[in-house]
Amino acid sequence: MNEFKIDVEDSCLVLLSGGIGAATLLACLKKQNVEQVNALFFYYGDYVSNEKQYAEKLANYYGINLRVMDISNIYGNNMSVRYPVSFKQVNDFYIPYRNGVFVSVATAVAYYLHCSNVVWGTSSSSFNYYSDCQPNFVKTQKSAVHFGTNGDVNLLVPFLKFSKLDIYRMGKRLGVPLELTWSCANSNENPCGKCFGCIERNFNSEILKTEDLQITKVCTQ
Ligand SMILES: [Zn+2]
């Protein structure tokens, strides 16, 4: 873990969320002095309006160029009708083929920005929940990006084998500003404390004995 390095030399486009994983990616790239770091946030409905604000805060903090792509007309704003019940792995937070959309669009954007890499911070904690985070999906996406751009763009997924706890630990070591990150699946004023994102963050924070202001907000509301 101490030797961890993302395989980027000159330019990349980061799929930015407002979470700790994305923040840790930015911190790693910053530490490696990557010359050109761009970020792309996908706005897919009111559901992620908080996350968008935090992605903007992170982009400001790390001094990188952030583009926001509005794809809310794909998913609409009413999440309650969004899930096809035929999906076996569906759960409250599954957005159909979201990551497939993200990677495809990001690849085209990277191409136009002359970025040679798209960097996606998904991790092993997502495997049980989302079909479009699983290793087979990632493997085929890597091939699609590589062959679809004639090798000009590559998809990097450096945290694929890491747990969220690993990433939290790395982020902490790299000085990620936790107060500028958002893990809750809802967009209320304070984190809900009940969704998977909140529970996992709370759990990791306790293990690492971290003062995490987002969790303090849950506890005091
Ligand atoms: Zn929550």
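Biologist: Where is Lys209 found?

Modeller: This is a predicted model, in which local features need pLDDT of at least 70, side-chain atom pairs count only at pLDDT 80 or more, and totals for chains, interfaces and linings use all residues. Residues are numbered from 1 along each chain as its sequence is written. Helices (H or I, at least four residues) and strands (E, at least two) are DSSP runs, numbered from the N terminus. Lys209 is in the loop between α7 (196-207) and α8 (213-220).

Biologist: Is Lys209 buried or exposed?

Modeller: A residue is buried if 20 or more other C-beta atoms, placed from the backbone, lie within 10 Å of its own, exposed if 12 or fewer, and partly exposed in between. Phi of Lys209 is near 50 degrees, a positive value in a residue other than glycine. Lys209 has 6 other C-beta atoms within 10 Å, so it counts as exposed.

Biologist: Why does His114 count as exposed?

Modeller: His114 lies in the loop between α4 and β4, and its phi, near 60 degrees, is positive although the residue is not glycine. His114 counts as exposed because its C-beta neighbours inside 10 Å number 12.

Biologist: In what order do the elements of the protein chain run?

Modeller: The protein chain holds eight helices and five strands. From the N terminus on, their order is β-α-β-α-β-α-α-β-α-β-α-α-α.

Biologist: In what order do the strands form the open sheet?

Modeller: Strands pair if DSSP finds at least two bridges between them. The edge strands, each pairing on one side only, are β3 (65-70) and β5 (154-156). Neighbouring strands are turned by 25 degrees against each other on average, direction ignored. The pairing is parallel, and the order is β3-β2-β1-β4-β5.

Biologist: At about what angle to β5 does helix α5 run?

Modeller: Axes are lines fitted to C-alpha atoms, for helices over the stretch in contact, and angles run from 0 to 180 degrees between N-to-C directions. Helix α5 (residues 135-148) lies across β4 and β5, and its angle to β5 is about 150 degrees.

Biologist: Is the crossing of α1 and α6 left-handed or right-handed?

Modeller: Helix α1 (residues 20-31) packs on helix α6 (residues 164-173) at about 45 degrees, with the axes 9 Å apart. That makes α1 oblique to α6, since angles under 35 degrees count as roughly parallel, over 145 as roughly antiparallel, 65 to 115 as roughly perpendicular and the rest as oblique. A crossing is left-handed if the near helix is turned anticlockwise from the far one by less than a right angle, and right-handed if clockwise. The crossing of α1 and α6 is left-handed.

Biologist: Which residues of α6 make the contact with α1?

Modeller: Two residues are in contact if their C-beta atoms, placed from the backbone, lie within 7 Å. The α1 side consists of Ile20, Gly21, Ala23, Thr24 and Ala27, and the α6 side of Ile167, Tyr168, Met170 and Gly171.

Biologist: With which residues is Val103 in contact, leaving aside neighbours within four places in sequence?

Modeller: Val103 belongs to helix α4 (residues 98-112). Val103 has 22 other C-beta atoms within 10 Å and is therefore buried. Its C-alpha is 9.3 Å from that of Lys142, which is 39 residues away in sequence. Leaving those sequence neighbours aside, the contacts of Val103 are Val118, Trp120, Gln141, Val145 and Leu155.
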